[in-house]
Amino acid sequence: MSADWLPHTFEQLDRVRNLPPGWDSHGAGPVEPAAVAAAKELLSSLVEELQWTGSNARVAKPSINPTPSGGVQLEWESGSRCLEVEVLRDHGARYFYQDSASRIEAEGELSVGAPLADLIRYLLKVVAAKR
Amino acid sequence: MAGEPVLDSEVLLRRIPPGEAWLEPPDRLTSANFKLDRRRNEQGLSVYREKLVTVEDVLKKPGAIHGSRIAAATAGDVRALRNAEDQPLGLEVVPCEDATDVGHAEIRGTQPGRLSASASRALSRLFKLRA
């Protein structure tokens with residue numbers, strides 16, 4: 001599993017952490033530093049676990065977005081499939097998987113230290129989708 | 001807060017923050033642009049009715065930041081949105097204007113103060129940036 005995008009993604013997350021109040025043009029407060037830290041931790045864990053699974057998949061860099069609730073959203077998208085993970089300030093996270101071609105949606109929550117099996121399964125589905 | 005009911009034919013305008021700091025590409029609409037601020041207990045997504053305000057008015061409202069853009073969709077299309085499994089999302093558009101905030105309305109989910117990840121994604125695909 002190759003993830004040479006990780007350092008650049010961390011830099012992006014640091015920029016998101018420094019956004020001023022009102023960054024969303026609707027009065028949202030700043031992104032929570034704890035959410036940024038949790039997002040970095042989650043990405044590192046994902047990369048590590050994908051290596052342990054022996055996956056040869058090339059997982060693309062996620063898009064990084066701040067959310068109005070002070071969290072950080074990671075997005076992977078390919079073809080008709082997408083995976084969104086909103087990392088929250090309390091170190092929890094919510095994920096949303098959608099395959100519009102197959103008419104499938106799934107949502108779930110992750111707590112700190114929880115197994116990432118579901119997330120990895122959906123991420124590999126997105127990676128496998130044809131653009 | 002109230003106002004006359006929002007007709008299906010009405011065009012809704014939503015401010016989108018400039019995303020140069022994080023978005024790739026920076027003019028992309030993402031589901032994060034259509035999430036509620038849970039820290040402020042937002043009940044719905046803030047939009048403006050084009051029949052009552054101009055794009056310029058919306059970009060001058062309190063809280064609007066320099067460089068923001070406008071995305072638009074009709075109320076009827078919002079109400080008709082369905083998820084990937086072809087189930088109705090049940091979104092409603094309600095007037096919320098008062099003397100200090102003319103033309104204001106909100107897109108609300110089926111439960112107060114909640115908007116599903118599926119709804120946020122569908123809205124991000126429906127709304128189109130104005131040139």
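pLDDT is the predictor's confidence in each residue, on a scale from 0 to 100. For chain B of this predicted model, the mean pLDDT is 93, and 99% of its residues reach 70 or more. The complex as a whole gets an ipTM of 0.91 and a pTM of 0.93 from the predictor.

Residues are numbered from 1 along each chain as its sequence is written, and chains are lettered from A in the order in which they are written. Local features need pLDDT of at least 70, side-chain atom pairs count only at pLDDT 80 or more, and totals for chains, interfaces and linings use all residues.

On to the interface: 25 residues of chain B are in contact (C-beta atoms, placed from the backbone, within 7 Å) with 32 residues of chain A. Helix 3 (residues 117-126) of chain B gives the most to chain B's side, with three residues.

| Strand pair in chain B | Sense | Bridges | Partners |
|---|---|---|---|
| Strand 1 (residues 11-16) and strand 3 (residues 69-74) | antiparallel | six bridges | B:R14 and B:A71 |

Over in chain A, leaving aside neighbours within four places in sequence, A:A35 is in contact with A:G70, A:G71, A:V72, A:V87, A:L88 and A:R89.

Conventions. Two residues are in contact if their C-beta atoms, placed from the backbone, lie within 7 Å. Helices (H or I, at least four residues) and strands (E, at least two) are DSSP runs, numbered from the N terminus. Two strands pair if DSSP finds at least two bridges between them.
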